[in-house]
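I open this notebook to record, entry by entry, what I looked up. The sequence and the structure are set out first.

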Amino acid sequence: MGVNVDLTTVWAFIIAFAVFAYVVMDGFDLGIGILFPTFDVGPERDRAMNSIAPVWDGNETWLVLGGGGLFAAFPLAYAVILPATYPLIIAMLLGLVFRGVAFEFRWRDPGHRRYWDAAFTGGSLVAAMAQGMTLGALLQGITVVDRAYAGSWFDWLTPYTLLTGLGTVAGYALLGATWLVWKLDGESQQHARKLGKRAAWATFALMAGVSLYNLLLNAEYAQRWLSAPEIYYVAPVPLLTAVIAVALLRALSVERHSKPFWLSIALFFLGMAGLGITIWPYIVPPGVTIWDAAAPERSQIFMLIGVAITMPLIIGYTAWAYWVFRGKVGHEGYH
């Protein structure tokens, strides 16, 4: 007796995994850029940069996989989401370009280092804000008529998307600070702990604000979280989030090194799980489900073979890079 596999659902989880991997891995890179002006000019900034030098460009692989997977597996969603968020996508890509160029040139052009540092911070902040606002634009709903985007150029700009953008900036700052707690020592580590506590409180507040806003944004969202029997199934998500939040603050207050970073990742995972519960099974709320937007089954099978080969390779070389450059960052750097 054969087992029926819903390939569309499989692809939805593959893309969700790729997005989560990108958010976590490139998130702490962008977070360091966001926090960069708070670091002392000189060795502290150099050590913060060196902590991500071996891995930052590889972390962006997951953005390519997530975006490429969306285009290939859910072409209708790709064709709707991009026109609805073109200004945000363009801003994000420009921010990532400025971040990457500044990262390299600050070492090769020390005479203009302060300008490259400003570009590094500005690019990181713009990219993070744009990513958060894109998420908000998706959650608040996209107008679709005859399988095409039917809204205006600035439908994405609302108080809600600004809130989700700020939440993403705060969350990335938290990831960046906890990464530095893990990778640095001495006074720089203590500075990172202080930044981590501030970013944690900001992240908690903005997560709560976005969650409450979601309940007011859409009656269907509220029904999924507040009506019985659904509430009994989804209640563990906010409860676990509260437990992780308390554990994170405690880990930042005592001499823990890697634990705050892993707890921050857990916080992001629970946040993403909450978003999944909120919009499932829609890929373009309020009317396009993952099955509406899916590519033909043969295409999904063909692409799944490719992913089955490439994803283990990506995970393998990423794990190897992190293993090789494990431990604390010294003053010598990698450049």
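Entry 1. Two helices in contact

Which residues in α10 meet which residues in α13? I found that Tyr221, Arg224 and Trp225 of α10 meet Gly274, Ile277, Thr278 and Ile279 of α13. Contact here means heavy atoms within 4.5 Å. By class, the residues of this contact divide into four nonpolar, two polar and one charged. I note the classes: Ala, Val, Leu, Ile, Met, Phe, Trp, Tyr, Cys and Pro count as nonpolar, Asp, Glu, Lys and Arg as charged, and the others, Gly among them, as polar.

Before going on, I record that this is a predicted model, in which local features need pLDDT of at least 70 and side-chain atom pairs count only at pLDDT 80 or more, while totals for chains, interfaces and linings use all residues. Residues are numbered from 1 along each chain as its sequence is written, and side-chain values use heavy atoms, with hydrogens and water left out.

Helices (H or I, at least four residues) and strands (E, at least two) are DSSP runs, numbered from the N terminus. Two packed helices are described by the angle between their axes and the distance between the axes. The axes are lines fitted to C-alpha atoms, for helices over the stretch in contact, and the angles run from 0 to 180 degrees between N-to-C directions. The crossing of α10 and α13 is right-handed. A crossing is right-handed if the near helix is turned clockwise from the far one by less than a right angle, and left-handed if anticlockwise.

Entry 2. Helices α1 and α2

I next examined α1 (residues 7–35) and α2 (residues 43–52), whose axes come within 10 Å and cross at roughly 165°. The two helices are therefore roughly antiparallel, a term for angles over 145 degrees. Their crossing is left-handed. Phe28, Asp29 and Ile32 of α1 make the contact with Ala48, Ser51 and Ile52 of α2. This contact has four nonpolar, one polar and one charged residues.

Is α2 largely enclosed or open? I found that nine of its ten residues are buried, so α2 is largely enclosed by the rest of the structure. Buried means under 20% relative accessible area, exposed over 50%, and partly exposed in between (1.4 Å probe, protein chains only). Among the buried residues of α2 are Glu44, Arg45, Asp46 and Arg47. The cover over the buried residues includes α1, α3 (56–59), α6 (86–108), α7 (113–140), α8 and α9 (186–217).

Entry 3. Aromatic rings

How many aromatic pairs does the structure hold? I recorded 21. Rings of Phe, Tyr and Trp (its six-membered ring) pair if their centres lie within 6.5 Å; planes under 30 degrees apart count as stacked, over 60 as edge-to-face and the rest as tilted. The rings of Trp179 and Trp182 have centres 5.6 Å apart and planes at 75°, so this pair is edge-to-face. Both residues lie in helix α8 (residues 159–183), three residues apart, about one turn of the helix. Trp179 is buried at 4% relative accessible area, whereas Trp182 is partly exposed at 27%.

Trp182 also pairs with Trp262: their ring centres are 5.6 Å apart and their planes lie at 55°, so this pair is tilted. The pair links distant parts of the chain, with Trp182 in α8 and Trp262 in α13, 80 residues apart. Trp262 is partly exposed, with a relative accessible area of 48%. Ring pairs join Phe28, Trp179, Trp182, Phe261, Trp262 and Tyr322 into a cluster.

Entry 4. The backbone

Most residues other than glycine have a negative phi, and most peptide bonds are trans. Asp146 has a positive phi of about 55° although it is not a glycine. Phi of Arg147 is also positive, near 65°. Asp146 lies in the loop between β1 (144–145) and β2 (148–149), and Arg147 is placed in the loop between β1 and β2. Asp146 is exposed, with a relative accessible area of 73%, and Arg147 counts as exposed at 57%.

Which peptide bond at Pro281 is cis? The bond from Trp280 to Pro281 is cis, with omega near 0°. Pro281 is in the loop between α13 (259–279) and β3 (282–284). The bond from Pro285 to Pro286 is cis, with omega near 10°, and Pro286 is found in the loop between β3 and β4 (288–289).

Conventions. Angles under 35 degrees count as roughly parallel, over 145 as roughly antiparallel, 65 to 115 as roughly perpendicular and the rest as oblique.
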